[in-house]
Amino acid sequence: MVGSECYSNAPILNASSGVGHVTNIAGVNAYVTGSPLAILAIVLVSDVFGFKPPLLRKIADKVSNHGYFVVVPDFFHGEPYNPENVSRSFDSWFKDHDPGKGIEIAKPIIEALKRKGASAVGFAGFCWGARTVTNLGKAKLIQASVLLHPSFITVDDIRGVEVPIAILGAEHDTIAPPKLINQFKQVLDAKPEIDSYVKIFANVSHGWTVRYDPNDPKAVKAAGEAHKVMINWFDKHLKK
């Protein structure tokens, strides 16, 4: 479902933020960070606000410190959702940026990373990005996946995932409420051959991992806990 939580609390977009740089991978602009010699790659698929928010790039930098080459592609080709553009409603924008089509953008990026020398690739999806990551997991095109406050995901989608998956949900979330997250867990528990981890974080809302107030110690701590789970999951399944 499309809900206002997907685009509330819009971040500041700053193309010059982060310690990495923007390059082109498989025809897509992307923020990259970490050693280009790293043989393990992580791709972060953003929420509707795209690859420029400083907090998202800060997360990418954090992940890269654990030995990964991290890529944050511009899945929206220069047109992230802009709530200040009154002539472009969210519904209109969404029709042009269907999360179900993200896999077609992701495939050439994965191929490019493998040509570059990546021996394993993990994907994490925030909100809008979760659908792309789930579809990649269903197609077994990646080695590990993480969904953070996912949107546009069904129980059947989760049932089809064939790679290790971690799902991090929020206590306060009408798009992926705890009831739905628990249904995801039940489906995954019935597939013990696929390693899975599901957690509902207390006292947080949709978007808490990537659209938090950096001046709020509690918000920073809550986001950091989720980031740690994500990194640990990738460490477990990519650093074999």
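**Entry 1: two helices crossing**

I began with helices H3 and H4, and found that H3 passes H4 in a right-handed crossing. I note here that I am reading a predicted model. H3 covers residues 102-116, and its packing angle with H4 is about 65°. The axes of H3 and H4 lie 9 Å apart. Next I looked up who meets whom: H3 brings Gly102, Ile103, Ala106 and Ile110, while H4 answers with Thr132, Asn135 and Leu136.

**Entry 2: the sheet**

I then traced the sheet, which is open and has 8 strands. I wrote down the order as S1-S2-S4-S3-S5-S6-S7-S8, and the pairing is mixed. Which strands are at the edges? They are S1 (21-25) and S8 (196-205), each pairing on one side only. On average, neighbouring strands of this sheet are turned by 25° against each other, direction ignored.

I stayed with S8 for a moment. S7, residues 165-172, pairs with S8 in the parallel sense, over 7 bridges. I picked out isoleucine 165 and found that its bridge partner in S8 is serine 196.

**Entry 3: helices on the sheet**

H4 came back into view here. This helix, residues 129-138, packs on the sheet and touches S3 (40-45), S5 (120-126) and S6 (144-148). The direction of H4 makes about 145° with that of S5.

I checked H7 too, which spans residues 217-238 and also packs on the sheet. Which strands does H7 touch? My list reads S3, S5, S6, S7 and S8. The direction of H7 makes about 165° with that of S6.

**Entry 4: the annotated domain**

I looked up the record: UniProt, in an unreviewed entry, places "domain: Dienelactone hydrolase" at residues 29-237. Over residues 29-237 I read 39% helix and 22% strand. The end C-alpha atoms of that stretch are 27 Å apart.

**Entry 5: rings and charges**

How many aromatic pairs does a search of the whole structure find? I got 11. One aromatic cluster is formed by Phe49, Phe75, Phe76, Tyr81, Phe90, Trp93, Phe94, Trp128 and Phe152.

Last, I looked for charges over rings. Arginine 57 lies over the face of phenylalanine 51, 5.1 Å from the ring centre. Lysine 199 lies over the face of phenylalanine 201, at 4.5 Å from the ring centre.

Notes: Residues numbered from 1 in each chain as written. Predicted model: local features only at pLDDT ≥ 70, side-chain atom pairs only at ≥ 80, totals over all residues. Heavy atoms only, no water. Pairing = 2+ DSSP bridges. Helix = DSSP H or I, 4+ residues; strand = E, 2+ residues; numbered from the N terminus. Axes fitted to C-alpha atoms, helices over the stretch in contact; angles between N-to-C directions. Contact = heavy atoms within 4.5 Å. UniProt positions renumbered as here; feature names shortened; annotations may be inferred. Phe/Tyr/Trp six-rings, centres within 6.5 Å; stacked < 30°, edge-to-face > 60°. Lys NZ or Arg CZ within 6 Å of the ring centre and 35° of its normal. Left-handed = near helix turned anticlockwise from the far one by under 90°.
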